[in-house]
Amino acid sequence: QVQLVESGGGLVQAGGSLRLSCAASGRTLSNYVMGWFRQAPGKVRDFVAYISLTGVSTYYADSVKGRFTISRDNAKKTLYLQMNSLKPEDTAVYYCAATRVFTTKVDEYDYWGQGTQVTVSS
């Protein structure tokens with residue numbers, strides 16, 4: 001059992017940056033692969049990135065590769081997403097999630113946060 005809470009969302013103009021955080025409680029964060037997903041109004045929830053238990057391996061969706069960086073601090077039980085060169089199409093609610101396997105699929109993640117809104121203006 002783990003609880004996740006996202007923060008750091010906001011309004012930025014195109015080309016700007018934001019850093020999202022996901023604070024975990026309950027079981028130790030090092031027991032889980034962690035992922036970031038996003039969902040725009042009326043659309044499905046899409047994979048953004050995941051990171052291995054110790055942070056040695058990462059994987060990104062093509063749409064964010066080279067612009068976003070996922071990282072984790074297991075001692076602080078916190079997951080991060082650094083977002084640079086933001087585009088209007090990045091506008092969505094961003095969610096962090098936890099799983100015990102390497103996967104990009106929404107339905108294979110076991111725990112979810114409530115989400116944080118990111119809005120990018122043109």
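Contact here means heavy atoms within 4.5 Å. The legends below describe close-up views of a predicted model.

Figure 1. Thr78 lies in strand β8. Leaving out residues up to four places away in sequence, Thr78 touches Ser21, Cys22, Leu29, Arg72 and Asp73. Thr78 has a relative accessibility of 11% and therefore counts as buried, the limit for that class being under 20%. Its side chain reaches the backbone oxygen of Lys76 at 2.9 Å. One of the residues touched by Thr78 is Cys22, which belongs to the disulfide of the next view.

**Figure 2. The disulfide between Cys22 and Cys96.** The structure holds one disulfide. This disulfide joins Cys22 to Cys96, with an S to S distance of 2.0 Å. The two cysteines come from distant parts of the chain, 74 residues apart: Cys22 is in strand β3 (residues 18–26) and Cys96 is in strand β9 (residues 92–99). The link of Cys22 and Cys96 is right-handed, with 55° about the S-S bond. Cys22 has a relative accessible area of 1% and is therefore buried. Cys96, at 0% relative accessibility, is likewise counted as buried.

**Figure 3. The open sheet β1-β3-β8-β7.** Four strands form this open sheet, in the order β1-β3-β8-β7, and their pairing is antiparallel. Strands β1 and β7 are the edge strands, each pairing on one side only. On average, neighbouring strands of the sheet are turned by 15° against each other, direction ignored. Strands β1 and β3 are paired over six bridges in the antiparallel sense, and the bridge partner of Ser7 in β3 is Ser21. Six bridges also join β3 to β8, again antiparallel. Within that pairing, Leu18 has Met83 as its bridge partner in β8.

**Figure 4. Met83 and the largest nonpolar core.** The largest nonpolar core comprises 37 residues. Leu4, Trp36, Leu81, Met83 and Tyr94 are the residues with the most contacts inside this core. At least two core residues are supplied by each of β1 (2–7), β3, β4 (33–39), β5 (46–51), β7 (68–73), β8 (78–83), β9 and β11 (116–121). Setting aside neighbours within four places in sequence, Met83 is in contact with Gly16, Ser17, Leu18, Leu20, Arg67, Phe68, Tyr94 and Val118.

Figure 5. Strand β9 is mostly covered, with seven of its eight residues buried. One of the residues of β9 is Cys96, which counts as buried because its relative accessibility is 0%. Strands β4 and β9 pair in the antiparallel sense over seven bridges; here Phe37 has Tyr95 as its bridge partner in β9. Antiparallel pairing also connects β9 with β11, over three bridges, and the bridge partner of Val93 in β11 is Gln117. A further antiparallel pairing, over two bridges, is formed by β9 and strand β10 (residues 111–112). In this pairing, Ala97 stands opposite Trp112 in β10.

Figure 6. Which residue is found in the loop between β7 and β8? The residue shown there is Lys77, which is not a glycine and yet has a positive phi, near 55°. Lys77 counts as partly exposed because its relative accessibility is 26%, a value between the limits of 20% and 50%. Ser85 is placed in the loop between β8 and β9. Ser85 is likewise not a glycine, and its phi is positive at about 50°. With a relative accessibility of 41%, Ser85 therefore counts as partly exposed.

Key
Residues are numbered from 1 along each chain as its sequence is written. This is a predicted model: local features need pLDDT of at least 70, side-chain atom pairs count only at pLDDT 80 or more; totals for chains, interfaces and linings use all residues. Side-chain values use heavy atoms; hydrogens and water are left out. A disulfide is a pair of cysteine sulfur atoms within 2.5 Å. Buried means under 20% relative accessible area, exposed over 50%, partly exposed in between (1.4 Å probe, protein chains only). A nonpolar core is a set of buried Ala, Val, Leu, Ile, Met, Phe, Trp, Tyr and Cys residues joined through side-chain atoms within 4.5 Å. A polar contact is a pair of N or O atoms within 3.5 Å; within protein, one must be able to donate a hydrogen and the other to accept it, and residues adjacent in sequence count only if both atoms are side-chain atoms. Two strands pair if DSSP finds at least two bridges between them. Axes are lines fitted to C-alpha atoms, for helices over the stretch in contact, and angles run from 0 to 180 degrees between N-to-C directions.
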